Structure formats: structure tokens, C-alpha cells
Amino acid sequence: MFSYLVRRLLYAVPILLGVVAITFFLDNVMMSPDAKASRVLGPKARGEQRREWIHNRGLDQPIPQQFVRYIGNLATGKFGTSWVTGREVREIFVTGAGPSLCITVPGFIAAFLASVGVALFQVFIRNSPLDRGLTIVSIALMSLPTMVYVIFAQAFLALALCYFPAYGFSFDGLNVFRFIALPVCIFILINVGYDARLYRAIFLEEIGQDYVRTAQAKGVSNPRVLAVHVFKNGLIAIITLVVAELPKLILGSLLIESLFGIPGLGNVLVQAIQTGDQPVVMTSVFLGSVLYLAALILTDICYALADPRIRLS
Amino acid sequence: MPDPLLEIKNLAIHFATETGTIEAVRGISFSMARGETLAIVGESGSGKSVTGLALTRLLPEPPAVYQSGEILLDGKDVLKMEPRELRTIRGKKIAYIFQEPSTSLNPVFTIRNQIAEAIKLHRPEVREIDAEVIKYLDLVGITDPAKRLHDYPHQLSGGMQQRVMIAMALSCGPELLVADEPTTALDVTIQAQIIDQLRELKQRVRMAIILITHNFGIIGGLADRVAVMFRGKIVEYGETRTVLAKPQHPYTQALIQCIPQPGQKRERLATIDHAALDAMG
Amino acid sequence: MPESLRHILEHWLTQDALVVGGFALVFFLLRAGARNERWQRAGARLKRDRTGLIAFAIVLLYLTIGALEVFQIPTASGTRSILDLFLGGISPEKSYSAPLADTLLGSARHAKLNGHHLLGTDVLGKDVFAQMLKACRTALIIGGLTSAIYVPLGALLGVLAGYFRRWVDDMIQYVYSTLASIPEILLLVAIISATTPRWGRSLGTMAIALGITGWVGLCRLIRGETMRQAERPYVTAARALGQTHAKIVVRHLLPNVMHLVLISAVLGFSNIVLAEAILSYLGVGAPVGTASWGIMIDAGRTELGRDPLVWWNISAATAALFGLVLSLNLLGDSLRRAFDPKQT
């Protein structure tokens, strides 16, 4: 088990390197140092201002050299400072994580509970018209782009009816709930359709297994067969999927955050892209990859722990 | 027969599939006395497994349709029972063991918990569940049962898994055990062990057994009577000794001929002419 | 070569060929599929699926409208698309007007409009109904181009990885793991920004970006299925008989994973259409001036805050987008059930 983990971690390193390399070179292909300087400093900046700016950030060095230096910095945890605000990138990310999690964590938990509940219910009434109807509703929820949910929610629930604030965020006490109410609801809506369908398929697969027939032959009632036998088996696959999603929660939803003005990591990234703030963008990419790879490893571990067939062999 | 345990009268079952209706059981009748062992022999598709599952309405109901007939258990028609009553019969009066023990046991529960579930359901008065589980594991010949309590099914061999299934079936004292191809998925040597186990259980526990199989070779010494099924109908029915010695129906004769005998001088294995048998109706 | 002829030729090569080619491809694939037993059975099941058939009809409707907008013919007043001819040249207004209104929005005087607008007009006075229909072309082209890139790429690499295993598999896995671990929006924006200076912002660059990021999912799926198929005895038998790798892949493996490719392509199309809307919001989507639901929705953000409220632009675009994406998703779901019924 331990050696397996070590192998997986080692396998992740070349991928991380590849990711960093791709983004680094893409970034340098996209814009010349001069163009970057113009973008950050503004069109009024004079030639020597730009040259000084470029030199201060080492952008005039040969690219391979820059790359090596960058890797070195990454390895030692030096993520640089923002070109736009001057804040330490590390600090930006730490403060940005809070608001993102305020939305993704409650949303994720609620969506999970709702999806599992709906999926189990659909399997209980499988092939009935209601089952079909719920499937179509799930598909319909998945068929709208996030922006539409946000724009309509803001226009009607927030601005017209004034139930919730349309924009902004604040951490102080109970006020938080007012600001996260709409974003969390939208987060749930966009995820629950997809999840419910997925879990329904998993549970349906289990219903067809032999052990279900054995349970029925023992005289176990149908609700118990579902809630205990099928559920526990399906949970193995579901937990694995859930765990794989967890690392991404820190990054938050780009669209929800930028449209609601939530100062989370998603918004940080969007702003950074729009203003050409390279250190922030690069760190986001690096962070995103680390989280993705962490999710992969977590998936394997989780699967091994949850399934007794793998755990005890 | 006075006071039969089970009486099947003109049972007909068909399946509604997307390619048409499949008539699995086309009007069969037989009865069983308490403590009797009946073997139902036939090829795949003869309707023998469907018959076995029908006894407690275990067939998934679309697509299965119980067209006609009665299944009388102690005089009461199973097909007319409410679900709640059916569930009191399942496991308690009629218990099952199936063909593939590896998939028929739930992979995420220990064998102790699976057997305990049955006991808690049908014998709530039992206090010492662990002791009871050990008792039945021992009964089916599992060595060191106390150590095995918290094992998962995949940790046991195929033969042991099937013994666990038997233990689970016996744990509530059923009057009838339906064994649906219990040895087909096992190695030949293990097959013999399981059959011996069933034979031994027959002596110790007063229980009727329905043994569903395609293999005439395993019913000797175990089955009191045998019913031969072909295409949903019973074509021969009688005491095992008699049927084996003097089979009346050509299908039975053909089936028995298929059993390879050591010392036989034959160049080709015997086959069964289905077309001719179909023509006979 | 005269200017108009060159223009027509260019248009033909890039867009018309795509549409014709797309339809032809689908036609030939379906004919080939009809000889496959698995596809025959699925087809029979599909015929009984009312929801699936309705969804298919709706998708076909959208594709037809899109195609009508793609094909252009020279008329007296310059080259027009066939769709334009159907719409009968609706004349533009100065600015907003409500659906079926007589006057410009917010104008007290009865300044008569130039024409009847079923769904009103947008900020530039263009008829919203016409824009909504014309955007089908954008969806069709982006969906088609992107699919043309990512489907062959994903399917082929998936089969190669699943069949050959070892270093081929390792390499392909490395490539897609790396790609997959970069946050998708970033990659999209990066690729689009990189190609825009060279080729200008267009649907083509969007398609390339979406194609490069989109093949990973399909590749993983096909790789898994290929590995399962490659273990089957018929593959071992073919090898034993001396069949070349190429023949096995083409004659045996590919046909047996094609149904997964089809389902993924249909569902992928709906994701692409949604992605276009998101990219347009982020400002890296369809070029300004193209009819696109994404651009209309993006405009709706501020329009809903106006007084009086301008709701018809975003509603029309949302309804149209929803109609296509929902139908594609339902169709994909029906296809999935047709090929693999998980009936109780």
C-alpha cells in the first residue's frame, strides 16, 4: 500500500513538470515581455519604464534560464508577488480560499445529499413515469449555462424582489448567509442534475446483481434491500467520485464568483487573466494541477479503503 | 398424498420481452411431501430455475407474468399472498441457495452479518446471535467457524462460499430448501463435497429439498423423486430409482444416455435430437 | 479571379463543405452501422423511444436551420444566406423595441417601426428572432469543427492506448493527464489568446481550443472499453491467426467501440454549445458581430437592469440554447439506453 502511494506520487511529478512547462511556454509565446509590460503599466508608460519593469522581473533573461529559476522558486514555495496589486501571491490565495469554500462546501454537501436521495428514490420507483420525469428534470438542469441561472436569479430574486443581495460578500457574522444564499443555491442546481443521474446509474447497476436476489430470498423488505444492501455497495463508487471532487472545491466556481462578486479564488483567477497578472495565473495553474493530482491519488486510496475486496487482499 | 407440503397445480409462467413472449413454464403440476427430496432435471431453458424461483414469487415482475395455476404451500396459494406475508415465508419456510455463491453473497458485509440478518428477521427471540451463526457454520462443515465470522465472502473459496449460503439458508429452520444448480459453478471435487453435505443435512435436519440441476449424475442417493423438464413441461415424473432404471420418455432416455460411463466403448458422445422431441409436443 | 467568385469559393471550402461533409459522414456511418448487429438492435429500441425520437427531430431542426444560414447564394442585393431569404429581409430599427411592438422602446411618440418584429429588437435594432435563428449556424459550425477535431483524436488515441498498452499507453496517458490537470478555462483562454494574433478571432480558433481540451474524456472512455474488448477471445484468436494489428484495430475493435463514440459525440456537442456561451461571456468567444446565443446572453446581463426592462434578447437566446442542449442531452441519453438497456 505504502509503496503504491509512493509510486503514485512519483508519477505525479513529471505531470506537474509537464503542466508547468506547457503553461510557461504558452505564456511566453502569447505575449512578448514588452507587451506584458504595456498591459500592466498601461499605454502611457514610457519605453524606459517598461524596460525597467521587464528587467526587475527578469523577463529579459533567456527563456530556459527563466524556466529553471521559476521551477526553483516553485519548489521552495516562492510564488512571487502580483504584478497588479503587489501583494504576495501566497497571501492572495490564502485569503481567497475562504470565500470560495463558503460557497462550495455547503453547496457540495447539500447537492450530494439531494442527489443520493433522489437517486435512491428513482431506483425505488424505477421505470415508472415519475422516474422518467425526474430523469428529464435532471437533464434539463444540466442543460442551462451557469450564467443564465445567475443572471436570472440576480435580476428577479435579488434586484426585483430584493430577497437577497445581488452582489458582494462579507464575512461578518450572520451576514455571510445573505450573501452566499443565492450562489449556493445555484451551485446546487447546476450540480444536482448531473450527480443524481450518475448515482442513479450506479445504484441501478447494483440492483441487477445476484446478492440482491439473495437478500430478497431471505425475506428482506424492498426498502431495506435498497437502503442497506444496494446503498452500501453503490457507496463505494460514489464515495470515490465524491472524494475526487473535494480538492477542486477550494478553487471555487469561476462563473458564480465573478458574477456575484465573491472574492474567492475563482474570481482571483478571472481578474488575473483579464489584467495579465502572470504570477497569479501561473500559481493558479500550478495549484489547480496539484489539486487535480491529489484528487487522483485520493481516489485510489479511498477506493482501496472502502471496498473490502481490495482492502483485504 | 395426504397433507403435502407443496402442491403445484397447472403453473404457467411467461416472460414479456422486447422480442416477444417467452413461455418459460407451460402448465406443470407436482407435489411434495414434508421431508421429501425432489430433483428437477433439465437443460438450460427448460424452465426448471423459473419454477424454483416462482415458489416465493422471486421472479422480477415485469417481465415475468404468472399466467395461471396455483402454488399451494401448506394449502395457501403463494401467488395470491400479500407482499408482507410473502416476506414471512421467504427465508423462514422456503430458503434458497443459488448457482454462483461468489456473487450471491453481498461483498461488503461480513458473513456473520449476512447470516445474522436472516436470524434477526425471522427469529427475533435469539439472543446470542454470534453463537447461533457459529452453530450453523459448523453444521455445514466449515472448519474453525469462530475465526471466520468476520471474514468477507471474497476471502473464502468457492466451496466454502456455497457452504456459507447453505448455512444462511438453514439458519431459520426452513421446511423447504430450493437449491438452484448449487454445484454447477464449482470444481468437480468440490461438487462432490457439497452434495455429500446436502446428503448429510438430509439425515440431520427434517427438511424438504428441491434440487434443480441439469446433471443427472448428482441426484443419486439424494433425490427421492425426480421430475424431468423439457421446454416448460414435465415429461417424466417418478421415483428416482425407477426413472433412472426404466426411463419412459425419449428425452429422459436421451439425457441419461448422455452421462458418460467409465468403461464405455463409444466413439461419439450422445446428443439430443430437440427437433424430434419438439415435434412430439 | 473575380472577387465575388473567390469569396464564394472560400466560403464553400470552409463552411459549406463542412456542413455537406458532416451530413454525408453521418449518412455513411449510419449505413455502415446498419450492418452491425449491435446497432441494429439499438436502432429497433430507439424507434420505440418517443422522447428520443422527439429529441432527434428537434436536433435535426436546429441543424437544418443552421445549414440554411450557412449556404449562401448571390442575389440582387448581394450574397444572402438561404435563411435570410426565408426571413424575408426584416429591416433593422434604430434600437430596442419590444416583441410585436409598434414603436421603439421607451419612445412616447408613435415613431413607427420599419417592420414587424416577433421577438423585438436588440440594442442595434436587429431583429431578435432572426438573430436567434442565425445563431444556429454558429452552434453548428463550432460543434461540427470541434467534433471534427476531438472525436478522431480522442477515439484513435484511445484505441491505440487500450490495444497496444505499455509505452504507447504510458505516453498517451501522460499527455492527457497533463492536459487534464490544467484548469480548463485557463487552457482555453491561453490557446485562444495565442492563436488570435496569428489568425484573428474566429470560430475556427475557438474550435481548435475546444478540440485540444476536449479529447481527453473520450480518449479515457475508449481506452477503457478497448482494453476490455482486447481481452476477449476473438481478439486473441485473430492474433493467433496472424492478423495484423492494423486489421484487428480497424475491423474488430473500432466497430465495437463506435457506439460509445457516437454517444460521446452527441453529448459532447451539447457541451461545446454550452462552452461557446461561457467563452462569449468571458470575452474570448465568438467574434463580435457573429450571431451567437452566448453574446446575446452576455448582453442580457446589463439589459435586465435597464428601465424599462429588456428581457426578450436574453430570453430568446436562453430558450434557443436550452432547446438544443436539452434535446442533445436527451438524445444522448436515449442512445445510451438503446445500446445498453439497463432494464430491471
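How many bridges join strand E4 of chain B to E5(B)? Keep that in mind as you look through these close-ups of a predicted model.

**View 1. Here is where E4(B) meets E5(B).** The answer is two bridges, linking E4(B), residues 64-73, to E5(B), and the two strands run antiparallel. One residue to look for is Leu73(B), whose bridge partner in E5(B) is Lys76(B).

**View 2. Now the whole open sheet of chain B comes into the picture.** Four strands line up in the order E2-E1-E4-E5, with antiparallel pairing. At the edges sit E2(B), residues 20-32, and E5(B), residues 76-77, each pairing on one side only. As a general point, strands of a sheet pair through backbone hydrogen bonds.

**View 3. This one shows chain A touching chain C.** Here 34 residues of chain A are in contact with 32 residues of chain C. On the chain A side, the helices that give two or more residues include H6 (129-142), H8 (175-207) and H13 (278-306). H1(A) gives the most, with nine residues. As for the make-up of the chain A side, count 25 nonpolar residues, seven polar and two charged.

**View 4. Finally, have a look at chain A against chain B.** This contact takes 17 residues from chain A and 23 residues from chain B. Helices H9 (210-217), H10 (222-245) and H14 (308-311) of chain A each give two or more residues to the side that touches chain B. The largest share, six residues, comes from H9(A). On this side of chain A, you'll find five nonpolar residues, seven polar and five charged.

Definitions and conventions: Residues are numbered from 1 along each chain as its sequence is written. Chains are lettered from A and ligands numbered from 1 in the order in which they are written. This is a predicted model: local features need pLDDT of at least 70, side-chain atom pairs count only at pLDDT 80 or more; totals for chains, interfaces and linings use all residues. Two strands pair if DSSP finds at least two bridges between them. Two residues are in contact if their C-beta atoms, placed from the backbone, lie within 7 Å. Ala, Val, Leu, Ile, Met, Phe, Trp, Tyr, Cys and Pro count as nonpolar, Asp, Glu, Lys and Arg as charged, and the others, Gly among them, as polar.
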